[in-house]
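Here is a friendly walk through one protein model, from its loops to its core. Please keep the viewer open as you read.

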Amino acid sequence: MKKIFFFLLLFATVYHCDAQQQDVKALDETAKTFIRQGDYTNAIIVYNRALQQEPQNLEMLKGLAFTYYLQRDYDKALKVAKPLPERADGDVQSFQILGMVYKAIEEEKDCEKMYKEGIKKFPKSGVLYNEYGEVLGTENGGNAIKQWEKGIEVDPNYSSNYYNASKYYYSKNEKFWCVIYGEIFVNIESYSNRTAEMKDILMEAYKKLFADAELMKNTNIKNAFASAFISQANSESAAIAQGISAESLTALRTRFILAWFDKPVIQFPFRLFDYHRQLLKEGMFDAYNQWLFGAAQNLATFQEWSSAHADEYKRFIDFQKGRIFKLPEGQYYQTPLK
């Protein structure tokens with residue numbers, strides 16, 4: 001009888017815990033629905049009720065801190081968020097939320113210190129490198145770009161480091177890394193407001209890249225990957241003799257890819273160039289370049305092209321939306337920044 005009673009008690013306890021967990025999960029979903037509706041007060045009510053059941057639940061605490069942040073109640077947000085990164089189960093998001101609060105109240109020193117601790121705990125988090133770079137700012141002696149570059153190296157499929165790095169290099173007139181990182185960005189993050197912005201930057205960066213008739217003139221490129229790219233692009237530059245446009249860039253980039261892979265040994269395996277070759281083989285490279293450069297060059301001309309090539313363009317868009325562009329590790333060729 002004692003054994004039966006023990007197992008009945010154990011079952012009842014397990015059932016109660018499972019039901020409680022389900023209830024907390026349901027409350028979490030309810031709170032998130034309120035957040036999406038902009039009803040932060042009700043979201044806070046729900047999170048606090050959930051925390052009555054599980055006071056140390058990390059997800060509920062993160063949700064509560066984030067909701068206080070959205071409500072601009074930064075004192076309460078800080079009170080809830082500050083202990084989270086120090087917990088044994090504190091995750092990348094715990095650092096992110098506290099970072100958002102620090103930035104809102106302009107606690108730069110505490111914010112920088114926190115991101116350094118976060119990167120030490122999560123050395124392969126592209127998110128933390130990106131946000132730490134944003135805190136430092138591009139005017140901070142180039143320290144920001146070091147963080148974005150490190151983020152690209154350790155977490156090559158997180159888009160924001162490419163976005164910030166490409167814009168930084170554009171501002172510094174370093175055209176090569178601007179176009180490389182910018183194009184990777186738009187393939188990882190293909191449909192956002194930042195995508196359209198980056199396409200404009202790419203078009204202008206290509207114009208700057210080919211402004212000199214001889215690309216290697218007055219350059220001091222010590223990076224082997226950049227040198228190989230510039231040298232090959234220079235060899236194909238006759239394609240843009242009449243100026244930079246979506247059509248001339250398509251011609252130049254087609255010749256470039258054919259020449260790049262027409263070698264017995266590929267010194268620099270690179271996913272972006274592999275993707276270009278794939279699109280060429282499948283007859284979608286023209287449409288891809290129009291998608292990339294067309295609207296940035298001239299919206300009306302692009303609309304005419306896409307209308308005249310409706311089936312071709314739809315085929316590419318369907319293909320693009322049905323795939324995920326991912327870069328493998330080991331294809332980071334930037335020279336370490338000092």
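Is Ala 241 buried or exposed? With a relative accessibility of 60%, Ala 241 counts as exposed, because the cut-off for that class is over 50%. Ala 241 sits in the loop between H12 and H13. Its C-alpha atom is 9.6 Å from that of Phe 210, a residue 31 places away along the chain. Please bear in mind that the model is a predicted one.

**The whole chain**

The protein contains 17 helices and zero strands. Of its 338 residues, 46% are buried. When contacts between residues at least 6 apart in sequence are considered, 58% of them join residues at least 24 apart.

| Helix pair | Axis distance | Crossing angle |
|---|---|---|
| H3 (residues 58-70) and H4 (residues 74-81) | within 7 Å | roughly 160° |
| H7 (residues 126-136) and H9 (residues 159-171) | 8 Å | about 30° |
| H12 (residues 224-235) and H13 (residues 246-260) | within 10 Å | roughly 120° |

Let us start with H3 and H4, whose axes cross at roughly 160°. That angle makes H3 roughly antiparallel to H4, and H3 passes H4 in a left-handed crossing. On the H3 side the contact involves Leu 61, Leu 64, Ala 65, Tyr 68 and Tyr 69, which meet Tyr 74, Lys 76, Ala 77, Val 80 and Ala 81 of H4. Sorted by class, the contact of H3 with H4 has nine nonpolar residues, no polar ones and one charged residue.

Next come H7 and H9, which pack at an angle of about 30°. H7 is therefore roughly parallel to H9, and the crossing of these two helices is left-handed. Gly 126, Tyr 129, Asn 130 and Glu 134 of H7 meet Ser 160, Asn 161 and Asn 164 of H9. Here the residues of the contact divide into one nonpolar, five polar and one charged.

For H12 and H13, the axes cross at roughly 120°. The two helices are therefore oblique to each other, and H12 passes H13 in a right-handed crossing. From H12, the contact draws on Phe 225, Ala 228, Phe 229, Gln 232 and Ala 233, while H13 supplies Leu 252, Phe 256, Ala 259 and Trp 260. In the contact of H12 with H13, eight residues are nonpolar, one is polar and none is charged.

In soluble globular proteins, nonpolar side chains tend to be buried together. In this model, the largest nonpolar core has 99 residues, and those touching the most other members are Ile 180, Phe 225, Phe 229, Phe 273, Tyr 288 and Phe 316. Helix H10 (residues 175-188) gives this core its largest share, nine residues.

Which residues does Tyr 288 contact, leaving aside its neighbours within four places in sequence? They are Glu 183, Asn 187, Arg 253, Leu 272, Tyr 275, His 276, Leu 279 and Phe 316.

**A buried alanine**

Ala 205 belongs to helix H11 (residues 193-209). Its relative accessibility is 0%, so Ala 205 counts as buried. Not counting residues up to four places away in sequence, Ala 205 touches Tyr 170, Lys 175, Cys 178 and Val 179.

**Two loop residues with positive phi**

Where is Glu 106 placed? Glu 106 is in the loop between helix H5 (92-104) and helix H6 (108-121). Although Glu 106 is not a glycine, its phi is positive, at about 60°. Its relative accessibility of 67% means that Glu 106 counts as exposed.

Asn 173 is found in the loop between H9 and H10. Its phi is near 65°, again a positive value in a residue other than glycine. With a relative accessible area of 43%, Asn 173 is partly exposed.

How values were computed:
Residues numbered from 1 in each chain as written. Predicted model: local features only at pLDDT ≥ 70, side-chain atom pairs only at ≥ 80, totals over all residues. Heavy atoms only, no water. Helix = DSSP H or I, 4+ residues; strand = E, 2+ residues; numbered from the N terminus. Buried < 20%, exposed > 50% of the residue type's maximum accessible area, 1.4 Å probe, protein only. Contact = heavy atoms within 4.5 Å. Axes fitted to C-alpha atoms, helices over the stretch in contact; angles between N-to-C directions. Parallel < 35°, antiparallel > 145°, perpendicular 65-115°, else oblique. Left-handed = near helix turned anticlockwise from the far one by under 90°. Nonpolar A, V, L, I, M, F, W, Y, C, P; charged D, E, K, R; others polar. Core = buried A, V, L, I, M, F, W, Y, C linked by side-chain atoms within 4.5 Å.
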